[in-house]
Amino acid sequence: MDTNSKKRNDNRKTVYYAGSGLAIGAAIGMIFGLLLFENLAWGCVIGSALGLLIGAAIDALGSRETDTNDKEDA
């Protein structure tokens with residue numbers, strides 16, 4: 001019965017936020033780039049970089065929480 005519960009936990013979906021952060025950051029960066037810098041390209045670059053950093057940070061925090069939960073279960 002123990003092996004069945006382990007198999008059930010391994011079938012969880014993994015969600016990565018770095019890609020979503022990149023896309024959303026680029027879109028928001030373009031808007032701010034046009035409004036603040038009057039340059040679409042720089043806004044897109046800055047927004048993409050910030051979105052990627054924020055998405056990667058969320059991914060790292062999420063994996064840290066699942067690692068600690070897995071250690072507590074063992």
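Before we pick out any helix, here is what the word stands for: a helix is a DSSP run of H or I that covers at least four residues, and the numbering of helices starts from the N terminus. Keep in mind, too, that what you see is a predicted model.

So much for the terms; on to the overall layout. The chain holds 3 helices and 0 strands, and reading along the sequence gives you the pattern α-α-α. Of its 74 residues, 16% count as buried. The chain exposes about 6,200 Å², and 64% of that comes from carbon and sulfur atoms. As for who touches whom, take the contacts between residues at least 6 apart in sequence: 50% of them join residues at least 24 apart.

Now zoom in on helix α2, which spans residues 18-37. Which of its residues are buried? They are Ala18, Gly21, Gly25, Ala26, Gly29 and Gly33. After α2 comes glutamate 38, and its phi is positive, near 55°.

Further along you get to helix α3, residues 40-73, and that's where serine 48 is found. Is serine 48 buried or exposed? Its relative accessible area is 16%, and buried means under 20%, so serine 48 counts as buried. And what is serine 48 in contact with, once you leave aside its neighbours within four places in sequence? The answer is Leu22, Gly25 and Ala26.

Definitions and conventions: Residues are numbered from 1 along each chain as its sequence is written. This is a predicted model: local features need pLDDT of at least 70, side-chain atom pairs count only at pLDDT 80 or more; totals for chains, interfaces and linings use all residues. Side-chain values use heavy atoms; hydrogens and water are left out. Helices (H or I, at least four residues) and strands (E, at least two) are DSSP runs, numbered from the N terminus. Buried means under 20% relative accessible area, exposed over 50%, partly exposed in between (1.4 Å probe, protein chains only). Contact means heavy atoms within 4.5 Å. Accessible areas come from the Shrake-Rupley method with a 1.4 Å probe; for residues, only the protein chains shown count as cover.
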